[in-house]
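Subject: Structure for your review

Dear colleague,

Please find the structure below, followed by an account of what was found in it. I would be grateful if you would read the two together.

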Amino acid sequence: MALLLRTFARQGVCLSKPQYSFLYRHAAPMGTTAKDEMNKFWAKNARLNRPMSPHITIYQWSVPMMMSITHRGTGVGLSGAISAFAVAALVLPGNYPYYLDLIHSLSIGPVLIGLAKFGIAFPVSYHTLNGIRHLYWDIGKGFKIPEVYRTGYTVIGLSIITSIMAIAMI
């Protein structure tokens, strides 16, 4: 019985039959290494006089490009900050009122406190509002270039306004 199952399984997965050649036609042989494949790739590109891929330095910077980079940066920054505060809350002695009193005892001026509040509020509001913009794109709307710029400037403006409002409330 096992021999019969093995025979059928081998025939089912056998790709050497001509009708299955489309499945493995572009696969690299098992004996090659990644370095060999890359050498073949670069040799072929040199033989065909293909140009190198363009580098980021040749692109003209635009608002959507900067907003994309900033969205990723605020996401990473917010994730790192939340993780750092969570670890600090678990590891450091004392509780929240103790550290709040410690900050008050430093006698930091209102300008620095306002800047610190803005430094916390802006990434949160920007990442949230730009995330809503991305959700709008996920439904397939807003991809025309004027709309991309208009929604981008709207996100920047609303992020500044909501950050200032948050600072005024606290």
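Helices (H or I, at least four residues) and strands (E, at least two) are taken as DSSP runs and numbered from the N terminus. This is a predicted model, in which local features need pLDDT of at least 70 and side-chain atom pairs count only at pLDDT 80 or more, while totals for chains, interfaces and linings use all residues. Residues are numbered from 1 along each chain as its sequence is written, and side-chain values use heavy atoms, with hydrogens and water left out.

Overall architecture

The protein has six helices and zero strands, so that the order of elements from the N terminus reads α-α-α-α-α-α. Of its 170 residues, 11% count as buried; here buried means under 20% relative accessible area, exposed over 50%, and partly exposed in between (1.4 Å probe, protein chains only). Accessible areas come from the Shrake-Rupley method with a 1.4 Å probe, and for residues only the protein chains shown count as cover. With contact defined as heavy atoms within 4.5 Å, 69% of the contacts between residues at least 6 apart in sequence join residues at least 24 apart.

Ser159 is located in helix 6 and is buried, with a relative accessible area of 0%. Neighbours within four places in sequence aside, Ser159 is in contact with Phe122, Ser125, Tyr126 and Leu129. Two of these contacts, Phe122 and Tyr126, also belong to an aromatic cluster with Phe118.

A pair of aromatic rings is described by the distance of the centres and the angle of the planes. Rings of Phe, Tyr and Trp (its six-membered ring) pair if their centres lie within 6.5 Å; planes under 30 degrees apart count as stacked, over 60 as edge-to-face and the rest as tilted. By this rule there are six aromatic pairs. One of them joins Tyr98 and Tyr99 in an edge-to-face arrangement, at 4.9 Å centre to centre and 80 degrees between the planes. Tyr149 and Tyr153 form a tilted pair, because their ring centres are 6.4 Å apart and their planes are at 40 degrees. Both of these tyrosines lie in helix 6 (residues 145-169), four residues apart, about one turn of the helix. Partly exposed residues here include Tyr98 at 48% relative accessibility, Tyr99 at 27% and Tyr149 at 30%.

Surface patch and loops

A nonpolar patch on the surface is formed by Ile103, Leu106, Ile108, Val111, Leu112 and Leu115, with about 590 Å² of accessible area together. Patches are made of residues with over 30% relative accessible area and no salt bridge, like charges being joined within 9 Å and nonpolar side chains (Val, Leu, Ile, Met, Phe, Trp, Tyr) within 5 Å. A salt bridge is a side-chain nitrogen of Lys or Arg within 4 Å of a carboxyl oxygen of Asp or Glu. Helix 5 (residues 110-138) gives the most to this patch, with three residues. Ile108 sits in the loop between helix 4 (96-105) and helix 5 and counts as partly exposed at 36% relative accessibility.

Ser107 is placed in the loop between helix 4 and helix 5. Its phi is near 55 degrees, a positive value in a residue other than glycine, and Ser107 is exposed at 64% relative accessibility. Asn49, in the loop between helix 2 (34-47) and helix 3 (63-91), likewise has a positive phi near 55 degrees and is exposed, with a relative accessible area of 69%.

Yours sincerely
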